[in-house]
Amino acid sequence: MLETIKNSPNYRWYVLATVAIGTFMATLDSSIVNVALPTISSQFHSDLSTLQWVVSAYLLTITSLLPVFGRIADMFGRKRVFALGFIIFTLGSALCGFAQDIWFLVGTRVVQAVGASMLMSNSAAIITAIFPPKERGRALGLTGTVVALGSLTGPALGGIIIGLTSWRSIFFINLPIGIIGYAAVLLILPSDVPNKDKESFDYTGAFSFTFGMICVLLGITNSEAWGWSSLPVILSLGLGITSLVFFIITERKVQHPMIDLSLFRNRPFLIGNLSGGLSFVAMFANNMLLPFYLQGILNYRPSQVGLMLMVFPVVMAIVAPVSGSASDKFGPMILTTGGLVITSLGLLYFSTLQTDASFLQIIPGPILMGLGAGMFQSPNNSSVMSSVPPQKLSIAGGINSLVRNLGMVIGIALSVSLFEAWGGVTLPQPSQVEEFMSAYHSVMLVSMGIALLAAVISYSRKSYAKGD
């Protein structure tokens with residue numbers, strides 16, 4: 001059977017499907033708990049500042065470890081790291097499902113994230129190695145769509161699962177998928193080719209980057225709870241920025257760097273990553289707060305929330321392939337910029353919703369967001385990856401994943417910080433509804449501004465050749 005699969009003319013697509021399982025599962029769990037947060041909050045008696053760690057700890061760990069595991073896989077084998085990622089992720093999912101308090105859940109989410117970072121750091125490299133150049137852009141564009149769909153389907157799928165069973169099921173559902181994914185890796189992925197070059201591992205770069213990212217994100221995430229002027233936040237941000245500056249200085253001198261910073265001199269690569277990161281900041285600010293609006297203000301059940309949130313990824317799934325094909329003909333600039341403008345209109349629409357909004361009144365918001373994300377993601381991912389030389393595609397893919405996850409973390413931290421600063425309460429009493437709505441509307445307007453900034457940055461890529 002193994003030889004039949006590997007000799008098939010469609011073998012590379014089997015590899016893509018295997019990679020997509022791991023990528024979808026890892027990105028799905030970055031957001032699937034969002035819709036469960038009100039339920040978890042009630043069961044564990046946790047406030048929003050504590051609750052956000054269920055999401056942020058996962059994203060923070062992935063963001064910190066992506067380049068580390070990408071480099072380890074380059075040295076010791078991508079198939080090995082990818083397979084181990086499935087095992088650790090599945091184990092972490094089981095532990096999450098058995099959590100009895102909020103901090104145990106946060107800790108087991110970190111275990112999950114270690115496995116997820118092994119999966120996400122290698123997906124682009126595995127695809128790059130198996131696909132010929134003429135099909136590579138299409139394959140990487142599809143992977144980018146899977147990533148975005150995984151991230152955005154999470155709340156919708158989570159709401160449906162919680163409505164049918166309990167919040168623990170959103171973790172247990174990963175167990176059979178993880179086992180199938182691990183089996184597929186062993187059967188389908190090509191064997192690792194030993195790296196004959198005795199490349200050294202950049203321990204200094206790995207430590208300084210990981211330490212710096214953790215400190216900066218800790219400071220941002222806890223800024224509202226501790227206060228921006230508090231010693232812990234100032235110390236955390238100061239140490240983090242110092243460590244990242246040290247990382248940048250040392251990476252320029254290392255023979256085999258953790259991250260090839262020279263890629264950022266490539267203008268299309270820089271523009272694509274900047275606009276992509278900002279788009280995820282804007283989308284995840286809404287992803288974090290919308291379930292609380294639907295459950296806390298409109299009194300939707302989790303299953304109803306799930307159905308409402310499903311509109312976004314369904315629209316995106318329809319639009320993204322069309323947008324990807326169109327970008328091959330017309331170039332990425334019009335589609336990416338237009339998509340971000342439509343996303344900003346969706347966020348503006350959310351800022352107008354009231355306490356008595358009906359289903360039909362809400363639905364234009366997720367439709368606009370799905371249309372905007374679908375127009376933006378595939379052309380942007382394809383343009384980023386096509387702007388670098390073939391030998392640097394795997395490194396570029398890792399950086400793209402890193403920027404995306406950083407955008408998610410910042411989006412969550414920013415939305416929570418602003419929401420609480422403006423007087424919002426996650427599960428408001430009747431007397432607090434007005435403060436909730438005011439804070440929610442204000443965060444949506446800030447998110448709209450971020451999406452518009454991303455659109456301006458994206459428009460500056462107009463120097464692309466048509467169909468590039």
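**A tour of the predicted model**

Begin with the whole structure, where a search finds zero disulfides, a disulfide being a pair of cysteine sulfur atoms within 2.5 Å. This is a predicted model, in which local features need pLDDT of at least 70 and side-chain atom pairs count only at pLDDT 80 or more, while totals for chains, interfaces and linings use all residues. Residues are numbered from 1 along each chain as its sequence is written, and side-chain values use heavy atoms, with hydrogens and water left out.

Next, select Cys96, which is buried at a relative accessible area of 0%; buried means under 20%, exposed over 50% and partly exposed in between, with a 1.4 Å probe and protein chains only. Cys215 is also buried, with a value of 8%.

Now colour the chain by pLDDT, the predictor's confidence in each residue, from 0 to 100. The average is 83, and 92% of the residues score at least 70. Select residues 464-468, where pLDDT stays under 50. Where pLDDT is low, the predicted coordinates should not be read in detail.

Finally, display H16 (residues 333-350) with H20 (residues 433-459): their axes come within 8 Å and cross at roughly 170°. Axes are lines fitted to C-alpha atoms, for helices over the stretch in contact, with angles from 0 to 180 degrees between N-to-C directions. The two helices are therefore roughly antiparallel, the term for angles over 145 degrees. Their contact (heavy atoms within 4.5 Å) includes Leu340 and Leu347 of H16 and Met444 and Ala451 of H20.

Key
Helices (H or I, at least four residues) and strands (E, at least two) are DSSP runs, numbered from the N terminus. Angles under 35 degrees count as roughly parallel, over 145 as roughly antiparallel, 65 to 115 as roughly perpendicular and the rest as oblique.
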